[in-house]
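Let's take a quick tour of a protein model, one topic at a time. Keep the picture handy while you read.

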Amino acid sequence: MALIEVKNLRKEYPQHVAVADVSFSVEEGEIFGILGPNGAGKTTAVECVEGMRKRDGGDISVMGLDPLKDLAELRQVIGIQLQQSELPAKMKVWEALELYSTFYRDPVDWRELLHEWGLAEKADAAYGSLSGGQQQRLSIALALVGKPKIAVFDELTTALDPHARRETWKLIEKVRAQDVTVLLVTHFMEEAERLCDRLALIESGRVVALDTPAGLISRVDEKQIIRFKPSVDFEDSLLTSLPEVDSITRSHSQVTVTGKGNVVYAVISVLARNHIVAGELRLEQASLDDAFVALTGTHPAT
Ligand SMILES: Nc1ncnc2c1ncn2[C@@H]1O[C@H](COP(=O)(O)OP(=O)(O)OP(=O)(O)O)[C@@H](O)[C@H]1O
């Protein structure tokens, strides 16, 4: 069942169309990613879904609610991540959780959230004294105070170091495991590939592709490269005779084979049949970065 349906969304700022025409739907239980270059309109689009901005055109339904008409009800079912400057630096962690729980009709006991999200020891700490990772954990906990059906995370891991980012990915998986559908705005290809069931790739206010990460990757040129050091020498024709193989080159003891389709299976099978072991085997295949570049013409931010 689609929990979120967005059809032909349009949002203009003075002198600028931020979202020209965006449509997507998010199924219950999914982690759905919104991916795109800087300024593509990702944040504007999700803010229209959250009811933080008023759309100029199109339709949005979030569990049957229209953000333009049913905002109070929508706030009860959607958990929105804290923006960085939203809390006073001196506010204590428990105070923030208690404050947020007053916003909801049926909040969880925020003391449980402290334990669940590893913040119990920081309950009396000021928000401003928390590390980036701790602030993100609090941000997630605050988004979950109201027992939402949907959580929206916008660039949740952008300011984090790679270790804290990976820790946050586990937390996002944990949110989904609690039957919360996740709408995730991200710049990071690895994050999108690891976490998202499906992705809408947005560019210049329009959806240029909507698919699973693997589906997006399969749209780019499928050339694959296999590198290995064979245990014994062999004639090039052993591999060039395979329809999947385009070329074979050699450098010292290393062999590089390029090909398409099931080339990896074809090459490894032939080698095995001829009792050749492919040592130091490396594969290079298209990645989500390649798909992003091919579909948007720009490089993803790192
Ligand atoms: N309040 C605003 N007033 C005017 N223009 C705005 C406003 N907010 C965003 N924009 C512009 O609208 C466009 C889309 O912005 P938006 O923040 O939605 O993009 P984004 O894809 O989330 O970008 P980023 O990844 O850089 O955060 C940008 O050109 C931006 O400069």
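Before we talk about sheets, here's the rule: two strands count as a pair if DSSP finds at least two bridges between them. One more thing to keep in mind is that this is a predicted model. The protein chain has 11 helices and 13 strands, and its C-alpha trace spans about 75 × 45 × 35 Å along the principal axes.

**The four-stranded sheet**

- Four strands line up as S11-S12-S10-S13 in an open sheet, and their pairing is antiparallel.
- Strand S11 (245–251) and strand S13 (278–284) each have a single partner strand, so they stand at the edges, with one side of each left without a neighbour in the sheet.
- On average, neighbouring strands here are turned by 20 degrees against each other, if you ignore direction.
- Strand S10 (residues 224–230) pairs with strand S12 (residues 254–259) in the antiparallel sense, over five bridges.
- To spot that pairing in the picture, look for Ile225, which stands opposite Thr258 in S12.
- Helix H10 (residues 263–273) lies across S10, S11, S12 and S13, and runs at about 20 degrees to S10.

**A covered strand: S3**

- Strand S3 (residues 31–35) is mostly covered, with five of its five residues buried.
- Which way do the residues of S3 point? Ile31, Gly33 and Leu35 point one way, while Phe32 and Ile34 point the other way, and all are buried.
- S3 runs parallel to strand S7 (residues 181–186), and five bridges join the two.
- Within that pair, Gly33 sits opposite Leu184 in S7.
- S3 also runs parallel to strand S8 (residues 198–203), this time with four bridges.
- Here Leu35 has Leu201 of S8 as its bridge partner.

**The nonpolar cores**

- In soluble globular proteins, nonpolar side chains tend to be buried together.
- The largest nonpolar core in this model has 68 residues, and Leu97, Leu183 and Leu184 have the most contacts inside it.
- Helix H5 (residues 132–144) gives the largest share of this core, six residues.
- What does Leu183 touch, leaving aside its neighbours within four places in sequence? Leu183 is in contact with Ile4, Val26, Phe32, Val46, Val49, Ile150 and Val152.
- There's also a second, separate core of nine residues, and among them are Leu239, Val245, Val257 and Val263.

**Two helices side by side: H3 and H5**

- Two packed helices are described by the angle between their axes and the distance between the axes.
- For helix H3 (residues 93–101) and H5, the angle is about 20 degrees and the axes are 9 Å apart.
- Angles under 35 degrees count as roughly parallel, so H3 is roughly parallel to H5.
- On the H3 side, the contact is made by Val93, Ala96, Leu97 and Tyr100, and on the H5 side by Leu138, Ala141 and Leu142.
- As for handedness, H3 and H5 cross in the right-handed sense.

**The chain as a whole**

- What percentage of the 302 residues in the protein chain is buried? Buried residues make up 36% of them.
- Looking at contacts with a separation of 6 or more, 68% are between residues 24 or more positions apart.

Note on methods
Residues numbered from 1 in each chain as written. Predicted model: local features only at pLDDT ≥ 70, side-chain atom pairs only at ≥ 80, totals over all residues. Axes fitted to C-alpha atoms, helices over the stretch in contact; angles between N-to-C directions. Contact = placed C-beta atoms within 7 Å. Core = buried A, V, L, I, M, F, W, Y, C linked by C-beta atoms within 7 Å. Buried ≥ 20, exposed ≤ 12 C-beta atoms within 10 Å, placed from the backbone. Parallel < 35°, antiparallel > 145°, perpendicular 65-115°, else oblique. Left-handed = near helix turned anticlockwise from the far one by under 90°.
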